[in-house]
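The sequence and structure come first.

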Amino acid sequence: MLRTNNLLKDMAIALLVMSSSLFVSSSINSQNQPQQAIAALGNGSYQFCSKPKPQKLDGAGVCFNFTKIGDRVDGYYGYPHSDDLICLRGKVLGNTVAGEALAVSWAGREWTNIPKTEFKWDEEGHLDLNHYKIIRSSKGNDRGDRNEWILFQQATLDIAGFYRYSQPLMTSPSQLCQW
């Protein structure tokens with residue numbers, strides 16, 4: 001009888017330890033692990049960043065803020081709290097967006113010496129750009145500065161391993177991307 005009680009007590013402790021480790025593991029995964037592929041998401045607005053959400057900022061690392069309708073996305077990719085961003089639209093496959101990108105060159109953020117071959121836009125190497133042309137140009141302020149809209153006809157963004165934020169925190173893409 002004593003052996004049975006000890007065996008039951010040992011089993012109860014083992015179950016308790018297993019269930020608490022599963023709970024800890026699942027809460028860690030939900031907060032610190034990358035989320036599902038963007039292709040599997042429903043229609044809506046999303047923000048994915050290369051680093052987990054910080055306490056008081058809109059994003060961390062480099063972020064993709066976008067609206068998804070079907071297998072198409074329209075948004076921008078860039079570094080929060082900076083002028084480093086590029087508009088992106090295209091078709092989704094898994095965690096990859098293939099389409100086109102739009103950059104604006106202005107006195108505060110000039111695009112000079114754009115490579116003629118494919119290149120990585122970001123330090124992390126997630127966005128490849130190729131085949132550009134200037135699609136619009138206008139005079140800037142009184143100093144003779146020019147604003148140019150640069151269309152990259154081939155853009156590929158891979159956000160595998162990014163973190164999905166519970167809601168978009170950065171400026172809406174419709175406010176920043178004027179195709």
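Leaving aside its neighbours within four places in sequence, with which residues is Ile-86 in contact? Contact means heavy atoms within 4.5 Å. The partners of Ile-86 are Gly-75, Tyr-76, Tyr-77, Ala-101, Leu-102, Ala-103, Trp-111, Trp-121, Leu-127, Leu-129 and Phe-152.

The model is predicted: local features need pLDDT of at least 70, side-chain atom pairs count only at pLDDT 80 or more, and totals for chains, interfaces and linings use all residues. Residues are numbered from 1 along each chain as its sequence is written, and side-chain values use heavy atoms, with hydrogens and water left out.

Strands are DSSP runs of E, at least two residues long, numbered from the N terminus. Two strands pair if DSSP finds at least two bridges between them.

| Strands | Sense | Bridges | A bridge pair |
|---|---|---|---|
| Strand 4 (residues 85-93) and strand 5 (residues 96-105) | antiparallel | seven bridges | Arg-89 with Glu-100 |
| Strand 5 and strand 8 (residues 146-158) | antiparallel | nine bridges | Thr-96 with Asp-158 |

Strands 4 and 5 form a hairpin with two residues between them. In its turn, Gly-94 has a positive phi of about 65°.

A nonpolar core is a set of buried Ala, Val, Leu, Ile, Met, Phe, Trp, Tyr and Cys residues joined through side-chain atoms within 4.5 Å; buried means under 20% relative accessible area (1.4 Å probe, protein chains only). The largest such core has 27 residues, of which Phe-64, Tyr-77, Ile-86, Leu-127, Leu-129 and Phe-152 touch the most other members. At least two residues of this core come from each of strand 1 (44-49), strand 2 (63-69), strand 3 (72-78), strand 4, strand 5, strand 7 (127-139) and strand 8. Strand 8 supplies the largest share, four residues. Another core lies apart from it, with 11 residues, including Cys-87, Leu-102, Trp-149 and Tyr-165.

How values were computed
Buried < 20%, exposed > 50% of the residue type's maximum accessible area, 1.4 Å probe, protein only.
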